[in-house]
Amino acid sequence: MEADQHHPLISSQNRIITIRNFSLGYFIIAANTDIMDVKFFIPVLFLFLTACQPKTADKTVEVKTIPSQEYLTAATLFTQHAAEYDALCYQAYHLASIQLIQALEANPEKPAVVLDLDETVLDNSPYTAWQIVNEKPYSPETWAQWVQLAEAKPIAGVTSFLRLADSLGVSIFYVSNRNQEADLVATQKNMQDLGLPQLGDEHFYLKTTTSDKTERRKAVTDLGYDIQLFIGDNLGDYDHIWDKPTVNADRKKLVEERATEMGTKYIALPNTLYGTWEGAVYQYNRSLSEMQKDSARKAALTVPSMPFH
């Protein structure tokens with residue numbers, strides 16, 4: 001319909017309705033009409049304007065989902081910002097120092113301590129933060145890139161403990177599932193920059209074929225060393241019985257059964273970011289989608305017996 005042209009359906013004698021077509025709609029001019037006449041025109045005009053409204057293209061609605069790594073946010077913030085996290089780490093290494101000094105009173109011939117690296121000596125929470133910000137799950141490729149940066153900070157309390165052990169003539173062995181071939185040099189550089197002791201190749205037992213650390217711990221004792229303490233963030237750093245495919249209920253039961261060894265032979269560091277405990281939640285199924293993992297996490301929660309209203 002052209003602009004400024006009377007519509008033949010509603011033009012009548014002295015009651016003239018003029019429709020002017022504007023780009024955003026229609027402007028109505030009524031002339032020579034009274035209030036009662038308006039009642040007649042309203043239904044007609046409504047139908048007219050509805051019919052003449054320009055059609056708009058269907059809009060695409062973007063449905064946003066919860067970022068796949070969002071569940072790591074609170075754990076990462078706790079690790080990076082909670083004074084309580086640092087307090088727990090200092091507490092663990094303070095206890096380790098006490099236990100080591102007491103153990104040395106027995107004058108072992110070749111005393112040693114065995115430590116894990118990640119979340120025990122080195123803080124990798126910046127990598128987890130990267131996962132969250134970029135909505136990327138863990139992958140060996142991006143983890144390797146993080147390791148090569150060699151910029152991990154020390155866990156609170158570890159520097160003092162390692163220097164104490166070194167000063168007491170205790171041999172330190174780092175038994176870690178970092179890759180022996182790809183990660184050793186970058187790891188040594190990272191730790192050297194932090195001023196940590198005993199960084200020769202002979203002090204590192206990194207992963208070659210298996211994540212099970214049993215044989216690597218045995219390799220230390222086969223050299224005649226008497227391991228006074230095991231320190232880690234995962235119970236598998238102490239004994240393989242806590243490794244997969246053990247379910248979490250059984251892992252907790254094993255801790256109860258060997259409770260006297262906790263804090264005396266094995267010192268545990270807090271790690272809410274990852275661990276065998278999380279793999280157990282997923283029943284060690286690496287093929288699960290992020291949505292399936294989310295469902296598994298929620299299904300594992302213990303909730304009150306009565307619902308709240």
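User: Is Asp118 buried or exposed?

Analyst: This is a predicted model. Burial is judged by relative accessible area, and buried means under 20%. Asp118 has a relative accessible area of 10%, so this residue counts as buried. Asp118 sits in the loop between strand S3 (111–115) and strand S4 (122–123).

User: Which residues does Asp118 touch, not counting residues up to four places away in sequence?

Analyst: A contact is read from heavy atoms within 4.5 Å. For Asp118 the partners are Asn124, Trp143, Ser176, Arg178, Asp233 and Tyr274. With Asn124 there is also a polar contact of 2.9 Å between the side chains.

User: What volume does the largest pocket have, and which residues lie nearest its centre?

Analyst: A pocket is described by its volume and by the residues that line it. The largest pocket has a volume of about 1600 Å³. Its lining has 43 residues, with Tyr138, Tyr274, Gly275, Thr276 and Arg286 nearest the centre. By class, the lining of the largest pocket holds 13 nonpolar, 14 polar and 16 charged residues. Elements that each supply at least two of its lining residues include helix H4 (125–134) and strand S6 (171–179).

User: How do the residues lining the second largest pocket divide by class?

Analyst: In the second largest pocket, eleven are nonpolar, seven polar and three charged. This pocket has a volume of about 430 Å³. Asp233, listed above as a contact of Asp118, is among the residues nearest the centre of the second largest pocket. The largest share of this lining, four residues, comes from H9.

Note on methods. Residues are numbered from 1 along each chain as its sequence is written. This is a predicted model: local features need pLDDT of at least 70, side-chain atom pairs count only at pLDDT 80 or more; totals for chains, interfaces and linings use all residues. Side-chain values use heavy atoms; hydrogens and water are left out. Buried means under 20% relative accessible area, exposed over 50%, partly exposed in between (1.4 Å probe, protein chains only). A polar contact is a pair of N or O atoms within 3.5 Å; within protein, one must be able to donate a hydrogen and the other to accept it, and residues adjacent in sequence count only if both atoms are side-chain atoms. On a 1 Å grid over the protein atoms alone, a cavity is a set of points where a 1.4 Å probe fits but cannot get out, and a pocket is an open set with protein on both sides within 12 Å along at least five of seven lines; lining residues have an atom within 4 Å of a point. Grid points are joined across faces, edges and corners, and a volume is the space filled by probe spheres set on the points. Ala, Val, Leu, Ile, Met, Phe, Trp, Tyr, Cys and Pro count as nonpolar, Asp, Glu, Lys and Arg as charged, and the others, Gly among them, as polar.
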